[in-house]
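Please consult the sequence and the structure below alongside the text.

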Amino acid sequence: MRSSKFKKIRMEFRKPSMDGKRSRIFLGKNKLMQIALGKTPEDEYSDNLRQVSKLITGNVGLLMTSNPCEEVEEYFANFAEDDFARAGAMATREVIVDNEMMYKFPSSMVEQFRKMGLPVEVSTGKLVLIGSKQNHTICKEGDELTAEDCKLLTQFGIKLTEFRVKLLCRWTAADGSFEEL
């Protein structure tokens with residue numbers, strides 16, 4: 001879970017709504033949130049919260065708000081932010097680095113780049129690709145990225161993934177209604 005990305009969402013929903021109420025976002029231990037909401041009709045805090053509890057698996061959070069449903073759904077449908085890829089993600093495009101891109105790094109980084117699988121050497125005080133190569137392919141479209149690929153992409157400031165939030169369900173406190181989205 002990328003908490004730095006949630007900072008924007010928290011700031012947006014921190015603003016008081018028309019009736020002066022503020023929204024809250026909960027990110028935490030799934031088991032703890034499930035127990036707090038209730039897992040069975042007997043121990044649920046309010047009607048149908050057990051349905052929400054069943055969906056708390058993996059990277060999920062809870063948004064408590066009095067904002068209109070349409071407004072919340074529209075916000076998250078339009079919310080997307082470029083992000084650095086993580087290991088295991090699929091490359092969305094081919095990324096090629098060339099000697100020009102290598103010049104901005106100090107020559108002291110040669111070993112660090114070699115550990116990440118980039119064939120570099122120092123020539124006249126500058127980092128260059130080994131063997132007079134003009135470019136090196138870090139990844140091709142559709143490749144599964146390794147940890148080293150992701151570190152290289154981060155070093156070069158290349159963001160290949162998009163951070164989005166998917167709404168799973170809606171529960172209304174007024175009538176206890178539950179709806180999967």
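Asparagine 48 is placed in the loop between α2 and α3 (49–54); helices (H or I, at least four residues) and strands (E, at least two) are DSSP runs, numbered from the N terminus. The model is predicted: local features need pLDDT of at least 70 and side-chain atom pairs count only at pLDDT 80 or more, whereas totals for chains, interfaces and linings use all residues. Residues are numbered from 1 along each chain as its sequence is written, and side-chain values use heavy atoms, with hydrogens and water left out.

**Positive phi angles in loops**

- Asparagine 48 is not a glycine, yet has a positive phi of about 70°.
- Asparagine 48 counts as partly exposed because its relative accessibility is 25%; buried means under 20% relative accessible area, exposed over 50%, and partly exposed in between (1.4 Å probe, protein chains only).
- Threonine 124, in the loop between β5 (120–123) and β6, likewise has a positive phi, of about 50°, although it is not a glycine.
- Threonine 124 has a relative accessibility of 78% and therefore counts as exposed.

**Nonpolar core**

- The largest nonpolar core has 24 residues, and those with the most contacts inside it are Phe113, Leu118, Val120, Leu127, Leu145, Phe156 and Leu160.
- At least two residues of this core come from each of β4 (95–98), α6 (110–115), β6 (126–129), β7 (135–139) and α7 (147–155).
- Helix α7 gives the most to this core, with three residues.
- A nonpolar core is a set of buried Ala, Val, Leu, Ile, Met, Phe, Trp, Tyr and Cys residues joined through side-chain atoms within 4.5 Å.

**Positive surface patch**

- Arg10, Arg14, Arg22 and Arg24 form a positive surface patch.
- Arginine 24 lies in strand β1 (residues 24–26) and is exposed, with a relative accessible area of 53%.

**Separations between residues**

- Glycine 28, in the loop between β1 and α2 (30–37), is partly exposed at 43% relative accessibility.
- Lysine 115 belongs to helix α6 and is exposed, with a relative accessible area of 69%.
- The C-alpha atoms of lysine 115 and alanine 80, 35 residues apart along the chain, are separated by 32 Å.

Conventions: Patches are made of residues with over 30% relative accessible area and no salt bridge: like charges are joined within 9 Å, nonpolar side chains (Val, Leu, Ile, Met, Phe, Trp, Tyr) within 5 Å. Accessible areas come from the Shrake-Rupley method with a 1.4 Å probe; for residues, only the protein chains shown count as cover. A salt bridge is a side-chain nitrogen of Lys or Arg within 4 Å of a carboxyl oxygen of Asp or Glu. Lys and Arg count as positive and Asp and Glu as negative; His and the chain ends are not counted. The place of a charge is taken as NZ of Lys, CZ of Arg, CG of Asp or CD of Glu.
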